[in-house]
Amino acid sequence: MTAAAVVAGAGGEARRTAVLLAAAQAIVGSAAPIAISLGALAGQYLLGPDKSLATAPVTGFNLGVALGALPAAAIIRRLGHRGGFMTGTVITALGGLIATLALFQSSFWLFAFGLGVIGVGGAFVQQFRFAAADNAPPEFKARAISFVLAGGIVTAILGPQIVIYTRELLAPVMFAGSFASILVLAAVGATILSFLHTSRRTSSATVVAGGDARPLAEIATQPRFVAALFCAVGSYALMSFVMTGAPLAMVGCGLSTDDATLGISWHVMAMFGPSFFTGSLIHRFGAERIVAIGLVLLTGCAVVALSGLALWQFWTALILLGLGWNFSFIGATSMVAASYHPSEKGKVQGFHDFVLFGSVAFSSLMSGAIYNAWGWTMLNWLVFPVTALCFVALGTLKIMGAAKT
């Protein structure tokens, strides 16, 4: 077999894997917009007069993603992509069941725990993008990541529509039907993932390079990795911070629950829609420039949100928030993926997601506290200093690169 045929075969397998993971992202990933769009509203529904902890269930979801990051990476490394990801769907289904039972029992903290378990299942979904890139040819890595995330377009439509049509399905218990539907999503996702080829735990390349794997501390202190992680954390935390507070702000301004849910739908669509071409843009212009464009869009989100409280302003701000996240986060993920060797991927990816989603969990908790204390306006003013710090990280990396040349 010629070298060209081997490369073509590897590319074909990489595309097949990306298609399956994109489909699974679309289905299993729909649990996330259900949890995010209804978590705070259901929290308000379950709480008494003091609503300051209304976003705690969303924080539980994000904390579950953070705490599940390292175990998910270890399970996937041990069982392979197919077995590991199917394990994640079982955990997601369990979380949906717990959340549903909690709503029937009017138990706020059990509900928050249930969303935490859904978040642990979500940690496996977060590994989809890395799995798509792991065995892809170098020229297809960025496209593989963006292709998988493009599955979120279906998520943007499916998740909110499930909320609209099922939130009163098990009335008089509000929202229970939506969380019960997560069990169905998990079952369909597991079926899709069963078609993945069983991945070998170690490839010959990994075995050869395994002895040369660097300590995590050495990898994590590389200037490029530090800047990438800083921008990934900053952009994702800001997205969670503003998005978590948005449904509360919209309902608080007299808009309907359906308006808030559709706002999240537009937001999630904007998060994943550009993924069809974000990888190509990164390949052409470089990850750092795409991250910078994303940070500009995040700043634009805050400007629009501060301009007024009409429905179109909420929705436009959420769309800009999603677009900004897409460019900055996919760009930063590509920077991270270029900073480690194949034999180092498990520990680096797990560490990356642990730090990332730990920060996201904190930001979602602070969103509710700050919204209740100072309102929607303050949530958006805080976007500016965070994006400024991310620009400083990118600028420092550029200066250090110029100094080496």
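Student: How do the residues of the lining of the largest cavity divide into nonpolar, polar and charged?

Tutor: Bear in mind that this is a predicted model. In that lining, 20 residues are nonpolar, 10 are polar and one is charged.

Student: OK, and what volume does the largest cavity have?

Tutor: About 420 Å³. The count of cavities of 30 Å³ or more comes to one.

Student: Which residues are closest to its centre?

Tutor: Ala-32, Phe-61, Gln-126, Tyr-236 and Phe-272, out of the 31 residues that line the cavity.

Student: And which helices supply at least two residues each of the lining?

Tutor: Helix 1 (3-28), helix 2 (31-46), helix 3 (56-105) and helix 4 (108-126) do, and so do helix 11, helix 12 and helix 15.

Student: Switching to packing: at what angle do helix 11 and helix 12 pack?

Tutor: About 155°, with the axes 8 Å apart. Angles over 145 degrees count as roughly antiparallel, so helix 11 is roughly antiparallel to helix 12. The crossing there is right-handed.

Student: Which residues make that contact?

Tutor: From helix 11, Met-239, Met-243, Pro-247, Met-250 and Val-251; from helix 12, Thr-257, Asp-259, Ala-260, Ile-264, His-267 and Met-271. By class, eight are nonpolar, two polar and one charged.

Student: What about helix 11 and helix 15, what's the angle there?

Tutor: Helix 11 (223-252) and helix 15 (311-337) pack at about 160°, axes 9 Å apart, so they're roughly antiparallel too. Here helix 11 passes helix 15 in a left-handed crossing, and the contact has 21 nonpolar residues, two polar and one charged.

Conventions:
Residues numbered from 1 in each chain as written. Predicted model: local features only at pLDDT ≥ 70, side-chain atom pairs only at ≥ 80, totals over all residues. Heavy atoms only, no water. Axes fitted to C-alpha atoms, helices over the stretch in contact; angles between N-to-C directions. Helix = DSSP H or I, 4+ residues; strand = E, 2+ residues; numbered from the N terminus. Parallel < 35°, antiparallel > 145°, perpendicular 65-115°, else oblique. Left-handed = near helix turned anticlockwise from the far one by under 90°. Nonpolar A, V, L, I, M, F, W, Y, C, P; charged D, E, K, R; others polar. Contact = heavy atoms within 4.5 Å. 1 Å grid on protein atoms, 1.4 Å probe; cavity = no way out; pocket = protein on both sides within 12 Å on 5 of 7 lines; lining within 4 Å. Points joined across faces, edges and corners; volume = space filled by probe spheres on them.
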